[in-house]
Amino acid sequence: MLKRYSPIIFLLFIGVALLFFSPYFRLTTLSFEGQNFISDQALDQYAKTQEGRHSLILYSWALKQDLLKTFPVIQSLDLSISSPRHLHVKLLEKSAWLSFFIKDYSILVAKDGTILSKGSDSNLNNRDDIIIIKGISPSFFSQDYVQPSLINKIQDLVNSVSAYFPNEFIQLEVKKNDQWILLKDDVTPIYIGYLENTKEKLSIIKQYLEHDTTRPKLNKIEYIDARIHDKLLVKYARKS
């Protein structure tokens, strides 16, 4: 029985060996599309490291995992073989969630803490949805991601602000000793202070703004200070 199928097995083995060692399936081109934060130069350098490798072997889970590890900004990707020696990769990058202003440049960060870019003028489809934050130390951005403790702190604050001021464009600033400020309507600072009892502070602020009938319409609020427990300090701008 085995002797009967031996020639077939031998031919299959030869066929697989020829397929594996054939230069016809050696990769010469690895192309990409969908990149925004990843530079073309970085992708070109990566493609060169894959030249000469077997395209059918590269067309696998292993290549996807290697790309995701090499470029953390990638959310997902699709591989396709356009020819035996050409692989094409369609990238979907993570969306920017936070924009940290550090001196004279900005750092874009995804919701999972991945740093997407530093100081680049990338084309952003969700520019109006990005939360702006000032005053964070540059030491938080020394790696490819932002420390989870900071991301969780910002997420909790953003959730609270969105709950009480759902239509507010969120801008935040951090002063010394972890003192947080919410900039309302792009101009009015709300001093939140330490991120303790944040929901209670925002609730008091919202109630005050909704029921403030004592201030003349022409008088603008200069700032709101909620750092004192169970108290709210409001300073109005003087009439010009």
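**Close-up 1. Gly113 in the loop between β5 and β6.** Gly113 sits in the loop that links β5 (105-109) and β6 (115-118); helices (H or I, at least four residues) and strands (E, at least two) are DSSP runs, numbered from the N terminus. The model is predicted: local features need pLDDT of at least 70 and side-chain atom pairs count only at pLDDT 80 or more, whereas totals for chains, interfaces and linings use all residues. Residues are numbered from 1 along each chain as its sequence is written, and side-chain values use heavy atoms, with hydrogens and water left out. With a relative accessible area of 0%, Gly113 is buried (buried means under 20% relative accessible area, exposed over 50%, partly exposed in between; 1.4 Å probe, protein chains only). Apart from neighbours within four places in sequence, Gly113 is in contact with Asp144, Tyr145, Val146 and Ile151, where contact means heavy atoms within 4.5 Å. Between Gly113 and Tyr145 there are 5.2 Å from C-alpha to C-alpha, and the two are 32 residues apart in sequence.

**Close-up 2. Packing of helices α5 and α6.** Helix α5 (residues 148-164) packs with helix α6 (residues 198-211) at an angle of about 25°, and their axes are 10 Å apart. The axes are lines fitted to C-alpha atoms, for helices over the stretch in contact, and angles run from 0 to 180 degrees between N-to-C directions. The two helices α5 and α6 are therefore roughly parallel to each other; angles under 35 degrees count as roughly parallel, over 145 as roughly antiparallel, 65 to 115 as roughly perpendicular and the rest as oblique. The contact involves Leu157, Ser160, Val161 and Tyr164 of α5, and Thr198, Lys199, Leu202, Ser203 and Lys206 of α6. By class, the contact of α5 with α6 has 4 nonpolar, 3 polar and 2 charged residues (Ala, Val, Leu, Ile, Met, Phe, Trp, Tyr, Cys and Pro count as nonpolar, Asp, Glu, Lys and Arg as charged, and the others, Gly among them, as polar).

Close-up 3. Ser160 belongs to helix α5 and is buried, with a relative accessible area of 7%. Not counting residues up to four places away in sequence, Ser160 touches Thr198, Lys199 and Leu202. Thr198 lies in helix α6 and is buried at a relative accessible area of 10%.

**Close-up 4. The largest nonpolar core.** This core has 31 residues, and those with the most contacts inside it are Leu98, Phe100 and Ile154. A nonpolar core is a set of buried Ala, Val, Leu, Ile, Met, Phe, Trp, Tyr and Cys residues joined through side-chain atoms within 4.5 Å. Helix α5 supplies the largest share of this core, 6 residues. Leaving out residues up to four places away in sequence, Leu98 touches Ile107, Leu108, Val109, Ile130, Ile131, Ile133, Ile151 and Ile154.

**Close-up 5. Asn177 and Asp178 between β8 and β9.** Asn177 lies in the loop between β8 (171-175) and β9 (179-184), and Asp178 lies in the loop between β8 and β9. Asn177 has a positive phi of about 60° although it is not a glycine. Phi of Asp178, a residue other than glycine, is positive and near 60°. Asn177 is exposed, with a relative accessible area of 61%, while Asp178 counts as partly exposed at 30% relative accessibility.
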